[in-house]
Every structure is written in structure tokens, then in C-alpha cells.
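Biologist: Could you walk me through this one? I'd like to start with a single side chain and then move on to other topics.

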Amino acid sequence: MRWYVSIGVVLVAGRTRRRRCGEFCRAEPHEPAGPPADPASRQLADKEANPTVDVELVLAVDVSYSMDMDELALQREGYAQAIVSKEFLQALKSGPNGRISITYFEWAASTDQKIIIPWRVIDGPETADAVANEIMKTPIRRASRTSISGAINFAMPLFDENPHRGLRRVIDISGDGPNNNGAPVVIARDAAVEKGVVINGLPIMVKEPSYSTMDIDNLDFYYEDCVIGGPGSFVVTIKDRDKFKEAIRTKLLLEVAGRTPERPVGAGRRPGGARQLHDRREDLAGQVGKVMISGTCRVGKGALAPCPPF
């Protein structure tokens, strides 16, 4: 099921993924498990059995060089302002626990991730203010390459480090380009979804693609097909700098409230397959040609030619 919400030029789309199960999923008879033997195991079992927050939310934010300083500043301000907004705090209190656990890290290449906010509980205005202030006081940085797969793989162990178990686990990926470094993005995405984690996306499309570096058109379609996953997952696309902060706030409201957008997307899809995205590259004769690409989850800025379908 796919969804969108209209916020000026903001598009939201979502999907539900279904786990496949073969013959090896059949349960074998076994003896009832006893209580965990050691204190650490008992503590982990108690955390899993008794969720204390409504959602464990990982904010994974792109700081690659393709993002200019204005975009990086808008991104920071958007998250900080959204967390302290009246709408966010109202959504927070609407949950069964009335609080969430959140962590914020910045990413670029597959080996370049930096935690800005370790796990924090937000349960009201004071804790929201503290997190927002911590986001804003950290110096803005930029780095090379764009590894969405690296961001997902970095995010997954963070859930094990969180002392608070949530009813839901969500990774929120923002970025302005496709995966061009590290492992294939679909492998990381599918591994996370298999463990019950939902991945939502915030593709940033406020500038024209740079064809000299093999950016792609329709980054929102790429995020929809290749990045997001899990029940109720969705994409919020930013195509206007003036809508940057509004889009971030809307996305966080949906994630905190555990809601999905209201209307399904039906048009523009190719049944049974990924969308074909457009990429451009300059050939040796100096002419620019437009290439239709299938197998688009393997497209990136470093690609030199179209990849065959999976």
C-alpha cells in the first residue's frame, strides 16, 4: 500500500512489505524456555517484554558535500524546531506511553557516521528543548560520498544499545542523492525490515540533479522503491526550500503518532516492478544523452553505465 500527503510540493508515499517464509519457518517441538540465567539476559528480556516508550526513533541525516551549507542549516533547524513544536508535543502525548526515545546521527560515506544526540527520552517540553538545543549547538560538518546502506547498517545496532524498548522501531533517512558508496542499499534495507524495523525517507530535491556527478532525477521514486520499507513506511519529498521545515515536522508527527498518510497513490506506477528513473551522462564525444535505467536500486553518482535488472 502506498501513500502520499500534499504539503505544497511535498509528496508522501509508503509501502507495506511482507515477509516471505519457507519450509524452514515451521516450528520444531521444544522444551519450554526457562527464565534467563544471568542478570544481563534477564534485563534484556524484561526490556523486550515491557516497552516503556511509544517509538524508538533513529534520525539519520545526510551531510555529504552535495548538500550545501544552507541546506545543512535548514535541515538542522527543521529537526530542532519540529521537536519543540506544539503539534509534535501534542502527538507525543497521544501515545499510550506519552514519550519516545530518539537518537540523531549524521552520515556520508559507508564508514563515516557521527552520533550528534545519543539516545534521549522526550516526554514533554523540557526534554524536547534539551534535545533541540543539543542539535543546534553542534557545529555543522560536511563529508564525502553518500552511503544510505552504511547509514542503515550503522543505525541497526543502536537499537540494542537503547535502554528503552519501544512499541515501534523506526529509522528516518534524509538525503539528497542515491546510494553511491558501500553495500547495495536494498540488502541493508531488507535486513532491517526483516528484524521488524520500519524505514521512512526524506529525499531532498531542492536543486536540479548534477548530471556531471551522475545524480538522478526522481529521487523520491528511488527512495520509495529502494530505501523505505516495513509496514506503513512512507516518503516525504522536499522540493522547495520554503517547505523544508514544514516537511520535517510533518514527517516527525506521522512517525511519533504511528500514523500513515490518508490517501493511496495509484497513478504513475509500473505494475510489478520498480520505476524507471532517468540518469544523464556525457559521452566521449561530448554529447549529453538521457538513459532509461532499470535495476535502479544500483544507480548512483558513481555509476558509469546502466545496470541490468536484478
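**A chat about the model**

Modeller: Gln113 is found in strand 5, which covers residues 113-122, and please keep in mind that this is a predicted model.

Biologist: Which backbone oxygen lies 2.9 Å from a polar atom of the Gln113 side chain?

Modeller: That is the backbone oxygen of Ser110, and the side chain of Gln113 also reaches the backbone oxygen of Ala109, at 3.4 Å.

Biologist: And leaving aside neighbours within four places in sequence, what is Gln113 in contact with?

Modeller: With that exclusion, Gln113 is in contact with Phe105, Glu106 and Trp107, as well as with Arg141, Gly150, Ala151 and Phe154.

Biologist: New topic: how many disulfides does the structure hold?

Modeller: It holds 1 disulfide, which joins Cys226 to Cys297 with an S to S distance of 2.1 Å. The pair links distant parts of the chain, 71 residues apart, with Cys226 in helix 7 (residues 219-227) and Cys297 in the segment after strand 11 (288-293).

Biologist: Are Cys226 and Cys297 buried or exposed?

Modeller: Both Cys226 and Cys297 are buried. The torsion about their S-S bond is about -90°, so the disulfide is left-handed.

Biologist: Which residues have the most contacts inside the largest nonpolar core?

Modeller: That core has 40 residues, and those with the most contacts inside it are Tyr79, Ile83, Phe88, Tyr104, Ile122 and Leu252. Not counting residues up to four places away in sequence, Ile122 touches several residues, among them Ile83, Phe88, Leu92 and Val131. A second, separate core of 29 residues includes Ala155, Leu158, Val185 and Tyr223.

Key
Residues are numbered from 1 along each chain as its sequence is written. This is a predicted model: local features need pLDDT of at least 70, side-chain atom pairs count only at pLDDT 80 or more; totals for chains, interfaces and linings use all residues. Side-chain values use heavy atoms; hydrogens and water are left out. Helices (H or I, at least four residues) and strands (E, at least two) are DSSP runs, numbered from the N terminus. A polar contact is a pair of N or O atoms within 3.5 Å; within protein, one must be able to donate a hydrogen and the other to accept it, and residues adjacent in sequence count only if both atoms are side-chain atoms. Contact means heavy atoms within 4.5 Å. A disulfide is a pair of cysteine sulfur atoms within 2.5 Å. Buried means under 20% relative accessible area, exposed over 50%, partly exposed in between (1.4 Å probe, protein chains only). A nonpolar core is a set of buried Ala, Val, Leu, Ile, Met, Phe, Trp, Tyr and Cys residues joined through side-chain atoms within 4.5 Å.
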